[in-house]
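User: I would like to learn how to read sheets in a model. Where do we start?

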Amino acid sequence: MNHHQNQPISNSSHLAKDLQRILPYPALQAFEKEGGFADRLQIALASDLDANGNFGEQWLLIDDASLFVFAIQNGQATVQFCFILAEIRDAQVEPCVGGSLLRITAQGKTHVLLHFSNELTERFALAAHYLRQRAQLGAEAEPPDFSSDGQRCVSCGNRLLDPSLKVCPNCIKRGQVMRRLILMAKPYWSLGGVLFALMLSGVIVDLLPPFLTRILIDDVLTNKLHTNWLFWLVAGLFGLQVVRVIITISHALLTNRISTQFAAGVREAMFAHLKSLSLDFFDRNESGRLLTRINHDTEELQGLINQMASFTLYTVLVIGIGVVLFSMAPSLGFFVLIPTPLVLAATILYHKRMLPNFRRYWISRWRMNSMLNTFLAGIQVVKAFAQEAQEQNRYTELNQNALHARLRIDQAWGKFFPFISFAFGAGGLIIWYAGGQSVLEGRISLGTLMAFLGYLGMFYGPLSNMTQISQAINRFTTISQRTFEFLDETPRVQEKAIAAARPKPVKGGIEFDGVTFGYNPYFPVLKDITFRIEPGELIGVVGPSGAGKTTLVNLICRFYDPTSGSVRIDGQDLREMTFDEIRRNIGIVLQQPFLFSGTIAQNIAYAKPDASREDIIRAAKAANAHDFITNLPEGYDTIVGEGGAGLSGGERQRVSIARAILLNPRILILDEATSSVDTEAERQIQKALETLVQGRTTIAIAHRLSTLYNADRIIALERGKIAEMGSPQELMNQKGLFYNLVQIQSQFARLDGVPTV
Amino acid sequence: MNVDEKTTLPQTDPEAHESFDLVFLDPKTIRFEYEGNNLTLTDSDGRHYPLVTLRRCYPLSASETFILVRLPDDEDQPGRELGILKDCRELQPESYQAVRQELRLHYLVPVIQRVHHIREEFGFLYWSVDTDRGAKEFIMRDSIISSTRRMSPTHWLLIDINQTRYEIRDLEALDHRSQEMVKKYLLL
């Protein structure tokens, strides 16, 4: 919606018309009666709670001049609140438990307007944002677009249950997903063709033996017409069995090969895509969920492809057998269908009755395992507080639960299995009876009956399996959809296609120009930040936690793009530079040093894999890490990271400093590089850092302010704004935020008996 | 309530001087009242706070005792704690009603009284229930481990897809049919 002067009014009245449509008549009526203008409605939002906290209905209505809250009860609307927009200074959504409330400040007083449940929080937050905008910009403020809150199915508009999908399961276009999947599987088309041919021949081979036994029984054994056929018929049956074995083996090998290769391909494509996504994606998606998607989803996809292949096989088999049965003896074919419902019912019952038992058992096992895990991880605490008995009780209870769950499975199975065998067996008995009658009446031969019973054995198994088809297809398309959506995700921070990057040596000047940024655009973490850092300066960034220190650094590295304003290096906007150019010139030492699994040498050379051995040693020496590394039995070849040798926090930090030194960046960022180690280690790291910062622009976020005493300038952040900026001495004299922080720390330091300042 | 004394301490470090003593409010002399939808407090000294909020220390195990009374959070910092109500039932009747109302509004945790039906589809459980706040339909992930919390064998919290909690206070107090359904779908 655009509300500039030259835009015709019709635009906003179009919005008002849409809003009027969703508004219940009593509310509309009351709204107009109270002096609201329905054709100038900007916001009409319903809460799902009444004023007493019961499920009910209240409406927040905002036109171009005033705000109303109406309660609706028994078709009657009553005004709860009425405010003139011009008087509203602030609006906030405050989270409660299970819901939130909307609060405004008007005429210097705070008023709670209404409560609503979690489901509506996002929408009311948008409304509050609009009210705040309105307080600042007046009529220029743009009414929020509620349709884009990302929680609704893009297709039908219903609420999304599974945030990992953009459409709801009902709206997945199965045809489209399948088509894309088939296109993706293009390299396997020819193999798939072979597979299908194998499948068909397998079905034919399956259908032949009963046919041969019929001849065997009727013409050879009963009527003794061709006694010399006996050997050949048995040999034929033997041959068919051999062929069947060969087909089964090659079918299985081929299916697995296709599905495994396909899944591996998908996995690779997903990882390739994953690493190209920008950090905001990883903020929105926890790593556990990503892990599931890449590992578990592809594995399930593989299993489902196998399952789909067997479903195709079963379908062909069931149809084939059905045709043969009916053509052999139409009257008996009909009898085959009689037990079919029984078989289907038994299968469905199995899934309904048995699966919950299995799941119950898995859950009880999971609880037991996780308890054991916690116990082992916390064994010291258990011992220290002498709580062995409590842990014993907990384990006993969980163990009992698991035991009961297991018993329930066995008992349910014990009751259920006979029923299944009965359902399958009863089918055969019907055929024996009806078929036997036909044989006695001479309508069919004994061989035909025997053949019939043979086919029957092959018929019910696949039929019962087929009840799972629709579920499997749903699962299959859902997982494929999820995979595709992931692959379609575009990184928000994108590299501009720049005509031939001119690698100009960076000097290291950094500028922030009116930078505002929030991980959620409605809640800015940095507000209108402007400063300039000259090349070679050492800048300390201080401030209470949550002030936006790390966010500042994230913007310099261009892990995110600012919501407004710009970040520049040597006068050039980061968005105009290639990622490679940025990252080559910025080195980071993080609070929690991260070592990849590999040797120490590989870790030091992580950002510069072609570094020579001399360079690596030189970097380690500069990082004050050489001595401890060479004292390790495997020296620079020591394997660290997951499953590797345990280095102490300080040692890991020095390895990561060596990594930054080797890169030789113009800009160096130290994000609380010394905060997680002890005093001695800190001294060592500090020594290493002194070498590192020379001749570079350095931005140091520090918790221990003593480390910032030789900084050229300090930037003190508070609540996303620059509170103070200047040399440490100036700020100490100023007795502001920095001074206060130093005071607090020196007090604590005195408590520790460690003089810091 | 020595709230004002605290603020006169040197400003250098507001947290270092925070006392670990609990400040209990005298239920007989303080007054809670609603002005519009704002809960107001008049303390023993007659000081008037035009907007206070309440927090339960033990929302599940002791919902009417150990109630914190706080000033609302503002943009910059969390609201200051005025004190603790040890047992809000000792308040004057009108104040008690106001406190109950405020807690009910702040803690939207419907208590399930009857289960009409539960449907399972695409990995989600669709519940239709009667609660102490009226009839409600909600949707829960079909993962028992992540979407339920077991306080005791008969006391459960169900967490729906919006992170709203629904409480089953005493499973055995529900009618037989509801119990059976809950047991079946929660795999009890």
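Analyst: Start with the terms: two strands pair if DSSP finds at least two bridges between them, and helices (H or I, at least four residues) and strands (E, at least two) are DSSP runs, numbered from the N terminus. This is a predicted model: local features need pLDDT of at least 70, side-chain atom pairs count only at pLDDT 80 or more, and totals for chains, interfaces and linings use all residues. Residues are numbered from 1 along each chain as its sequence is written, while chains are lettered from A and ligands numbered from 1 in the order in which they are written.

User: Which order do the strands of the open 3-stranded sheet in chain B have?

Analyst: The order is β7-β8-β9, with antiparallel pairing. At the edges stand β7 (112–121) and β9 (134–141) of chain B, each pairing on one side only. Over 8 bridges, β7(B) pairs with β8 (residues 124–131) of chain B in the antiparallel sense. R114(B) faces D130(B) in β8(B).

User: Which helix lies across β7 and β8 of chain B?

Analyst: Axes are lines fitted to C-alpha atoms, for helices over the stretch in contact (C-beta atoms, placed from the backbone, within 7 Å); angles run from 0 to 180 degrees between N-to-C directions. Helix α4 (residues 176–185) of chain B lies there, at about 40° to β7(B).

User: What holds strands together in a sheet?

Analyst: Strands pair through backbone hydrogen bonds, either parallel or antiparallel. In chain A, an open sheet of 4 strands has the order β9-β8-β11-β12, with antiparallel pairing. Its edges are β9 (526–533) and β12 (572–573) of chain A; each has a single partner strand, so one side of each lacks a neighbour in the sheet.

Conventions:
Two residues are in contact if their C-beta atoms, placed from the backbone, lie within 7 Å.
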